[in-house]
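Me: I have not looked at this protein before. Could you take me through it step by step?

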Amino acid sequence: MSRLAVARIDLAVLTANLTRLRALAAPARLMAVIKADGYGHGLERVARAFAGADAFGVAAIADGQRLRAAGHDERIVVLSGPDAPGDLAELRRLDLDAVIHHPSQLEWLEAEAGGAPLRVWLKIDSGMHRLGFAPARVAEVHARLTRLPQVSPEIVLMTHFAASDEFVNPVTAQQIETFAVATRGLPGPRSLSNSAALLGWPAARGDWVRAGGLLYGLSVVAGKTGADHGVAPAMRLATRLIAINRVARGESIGYAGTWRCPEDMPVGIAAIGYGDGYPRSAPSGTPVLLREREVALIGRVSMDLLALDLRAVPDAHVGDEVVLWGPDLPVEHIAAAAGTISYELTCGVTRRVLFVEG
């Protein structure tokens with residue numbers, strides 16, 4: 001028998017989130033970023049739900065291979081571009097766009113003997129200092145790309161923000177200005193905004209918006225939930241109680257005995273743990289839902305199991321559903337308790353969890 005942990009993905013919610021963000025981004029086109037296996041929701045699954053997007057953004061050519069194998073003919077942008085010279089032929093075979101962000105990639109293109117024109121996005125490092133050409137080199141690199149017959153004439157100019165989720169942080173305004181100066185006079189569409197910038201930086205709307213977390217109903221601002229941004233969470237992670245034990249006052253719970261019972265009390269054991277992707281760092285007191293009531297996790301999360309304080313639900317029974325996160329318990333609350341972000345939690349759900357749609 002399979003594990004009791006189930007991640008239910010609501011495709012209708014995903015599509016509704018896409019519709020909401022397309023309207024917010026208009027007249028810019030919207031790229032649905034579906035990297036990291038669709039932020040943990042399933043690559044092919046979310047691609048079906050996001051079929052109305054103007055393009056898909058993926059992290060690797062392998063994602064493009066999966067999408068083409070599944071029958072998707074949408075425009076697909078490989079956000080880190082080619083990793084080796086041989087990747088250029090595969091990008092063309094699959095009709096994928098390539099982000100060019102490093103001199104080595106430019107040299108591979110220039111060394112080619114020909115080939116069908118490749119759609120290229122030129123990435124500029126406007127201040128994040130991760131990937132991209134320095135602003136002073138942009139005009140030169142753009143000219144070199146434009147001279148290549150193996151590059152499509154329309155080159156998209158793009159950058160990425162370091163702090164767009166902080167709406168009063170001047171860093172983003174500085175990056176917008178740096179990008180504007182570096183690209184002044186150059187033809188081609190512009191792409192600056194991620195999900196957070198779509199909400200907080202209308203001056204960065206540009207011609208393409210690259211939406212990620214918001215599409216899945218995840219917050220992009222600290223202290224907020226997806227619902228605060230007008231989107232709904234698409235993932236509901238749940239399991240079942242497999243034991244209820246009466247534990248005496250003063251007895252410890254779980255590995256290392258980090259939590260002690262303040263009184264004689266019922267302790268529930270749920271069939272989920274860090275082997276399923278629930279964060280081991282979640283401390284005692286982290287909420288879960290049982291019979292539509294919040295109860296607290298107690299003790300350390302183990303690989304396959306976690307313990308719950310059932311004093312607030314005296315009518316609990318073995319077999320009852322336990323909800324770890326979902327529409328009625330925002331994943332952001334669990335992430336905050338565990339000292340991480342919601343993206344990490346949804347991306348971290350492991351493949352031994354049963355994924356279902358509906």
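Reply: What follows goes from the overall picture to single helices, loops and residues.

Me: What kind of model is this, and how are residues numbered?

Reply: It is a predicted model, in which local features need pLDDT of at least 70 and side-chain atom pairs count only at pLDDT 80 or more, while totals for chains, interfaces and linings use all residues. Residues are numbered from 1 along each chain as its sequence is written, and side-chain values use heavy atoms, with hydrogens and water left out.

Me: How many helices and strands are there?

Reply: The protein has 11 helices and 18 strands. These are DSSP runs numbered from the N terminus, with at least four residues (H or I) for a helix and at least two (E) for a strand.

Me: And what does the C-alpha trace span?

Reply: The span along the principal axes is about 75 × 45 × 35 Å.

Me: What share of the residues is buried?

Reply: Of the 358 residues, 53% count as buried. Buried means under 20% relative accessible area, exposed means over 50%, and partly exposed is in between, with a 1.4 Å probe and protein chains only.

Me: Let us turn to helix H4. Which of its residues are buried?

Reply: In H4 (residues 61-69), the buried residues are Ile-61, Asp-63, Gly-64, Leu-67 and Arg-68. They are on the same side of H4 because they cover an arc of only 150 degrees around the axis. The arc is that of the directions from the helix axis to the C-beta atoms.

Me: What do those residues pack against?

Reply: The buried residues of H4 pack against helix H3 (43-49), strand E3 (55-58), strand E4 (76-78) and helix H5 (87-93). After H4 comes Gly-71, which has a positive phi near 95 degrees.

Me: Which residues are buried in H6?

Reply: Gln-105, Leu-106 and Leu-109 are buried in helix H6 (residues 103-111). Seen down the axis of H6, the buried residues fall within an arc of 100 degrees, so they line one face of the helix. Their packing partners are H5, E5, strand E6 (118-123), helix H7 (138-146) and strand E7 (151-158).

Me: You mentioned H7. Where is Arg-144, and is it buried or exposed?

Reply: Arg-144 is found in helix H7. This residue counts as buried because its relative accessibility is 18%.

Me: Which residues does Arg-144 contact?

Reply: Leaving aside neighbours within four places in sequence, Arg-144 is in contact with Leu-106, Glu-110 and Arg-137. The side chains of Arg-144 and Glu-110 make a polar contact of 2.7 Å. A polar contact is a pair of N or O atoms within 3.5 Å; within protein, one must be able to donate a hydrogen and the other to accept it, and residues adjacent in sequence count only if both atoms are side-chain atoms.

Me: Back to E5. Why does Asp-97 count as buried?

Reply: Asp-97, found in strand E5 (residues 97-100), counts as buried because its relative accessibility is 0%. Its side chain is joined to that of Arg-75 by a polar contact of 2.6 Å.

Me: Now the loops. Where does Asp-95 lie, and what is its phi?

Reply: Asp-95 lies in the loop between H5 and E5, and its phi is near 60 degrees, a positive value in a residue other than glycine. With 42% relative accessibility, Asp-95 counts as partly exposed.

Me: And what about Arg-291?

Reply: Arg-291 also has a positive phi, about 55 degrees, although it is not a glycine. The residue lies in the loop between strand E14 (287-290) and strand E15 (293-298).

Me: Which peptide bond is cis?

Reply: The bond from Ala-26 to Pro-27 is cis, with omega near 10 degrees. Pro-27 is placed in the loop between helix H1 (11-25) and strand E2 (29-33).

Me: Lastly, what does Gly-40 touch?

Reply: Gly-40 touches Met-235, Thr-346, Cys-347, Arg-351 and Phe-355, not counting residues up to four places away in sequence. Gly-40 lies in the loop between helix H2 (35-39) and H3.

Technical notes. Contact means heavy atoms within 4.5 Å.
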